[in-house]
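Trainee: I am new to this one. Can we go through the terms as we look?
Mentor: Gladly. Here it is.

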Amino acid sequence: MSARLIEEAGFELGFMSGFAVSAVRLGMPDTGLISYGELVDQGRNLCRSVSIPLIGDGDTGFGSAQNIKRTVQGYADAGFACIMLEDQVAPKRCGHVEGKSVVDRDEALTRIRAAVDSRDAGADILIMARTDARACLSLDEAIARCRAFREIGADITFLEAPVSIDEMRRYCSEVPGPKMANLIEGGRTPLLSREQLESIGYTIAVYPLTLLNVSIRAMREALSQLRTGGRPDTMDFDDLKSAVGFPAYYAEEAKYKS
């Protein structure tokens with residue numbers, strides 16, 4: 001539903017967040033509890049529901065280099081335009097919470113090399129290489145990893161959780177190629193405007209938890225009103241039917257009946 005609303009609102013692409021899928025599918029935190037099979041199944045439904053390109057969170061790739069190649073191919077088969085892979089130690093966790101750790105640089109590069117090999121062997125998908133080394137090691141190491149990811153063939157880099165505009169500028173100036181900004185309300189990275197991000201050097205900005213955030217708040221408010229005998233302010237039923245696709249279904253039904 002949220003993917004369809006993103007497309008309806010006119011956005012050029014969408015992002016499947018592992019945090020969000022863990023929350024809505026499992027009702028559990030983003031701490032490495034969700035599996036490859038659950039994520040790719042969710043992704044298949046998402047990609048089928050929209051025509052805009054989607055980026056899929058592939059976590060750590062779910063194992064060895066061979067596992068990573070299978071993950072990349074699976075995300076491509078599901079319909080994703082891009083897969084994001086990271087350098088955290090499994091089980092991974094949200095990039096803006098405590099307790100993260102990352103693998104050494106050689107292992108991080110091996111993961112991305114395997115993903116690039118899968119792409120080059122025919123998987124129709126872009127590779128986004130993410131590093132969480134800023135929080136675990138240093139900004140210098142995070143930038144060095146992003147540069148190395150580009151050198152071995154990553155299409156896009158993503159340095160997770162820079163904590164200042166100066167850090168964001170340094171990343172963009174020192175790492176070539178397309179870069180993604182991850183904007184989380186209450187997170188560690190400054191919430192800059194699109195114009196500011198573009199001027200710094202970012203190509204893509206994602207807001208992976210905004211819809212989950214406002215949805216939970218709205219549902220809590222509605223449930224509180226129901227619990228105390230009130231009536232929440234809701235959409236008209238016809239609007240709800242339209243949002244989930246009844247008009248298109250009825251039109252197709254009529255076509256085949258005739």
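Mentor: This is a predicted model, where local features need pLDDT of at least 70, side-chain atom pairs count only at pLDDT 80 or more, and totals for chains, interfaces and linings use all residues. Residues are numbered from 1 along each chain as its sequence is written, and side-chain values use heavy atoms, without hydrogens and water.
Trainee: Where is glutamate 167 found?
Mentor: In helix α8, residues 165–174. Helices are DSSP runs (H or I, at least four residues), as are strands (E, at least two), numbered from the N terminus.
Trainee: Why does glutamate 167 count as buried?
Mentor: Buried means under 20% relative accessible area, exposed over 50%, partly exposed in between (1.4 Å probe, protein chains only). Glutamate 167 has 13% relative accessibility, so it counts as buried.
Trainee: Which residues does glutamate 167 touch?
Mentor: Arg134, Leu139 and Pro162, not counting residues up to four places away in sequence. Contact means heavy atoms within 4.5 Å.
Trainee: And glutamate 12: why is it called exposed?
Mentor: Its relative accessible area is 71%, so glutamate 12 is exposed. Glutamate 12 lies in the loop between α1 (2–8) and β1 (14–16). Leaving aside neighbours within four places in sequence, glutamate 12 is in contact with Ile52 and Pro53.
Trainee: What makes a nonpolar core?
Mentor: Buried Ala, Val, Leu, Ile, Met, Phe, Trp, Tyr and Cys residues, joined through side-chain atoms within 4.5 Å. The largest here has 34 residues; Val72, Tyr75, Phe80 and Ile125 touch the most other members. Its largest share, 6 residues, comes from α5.
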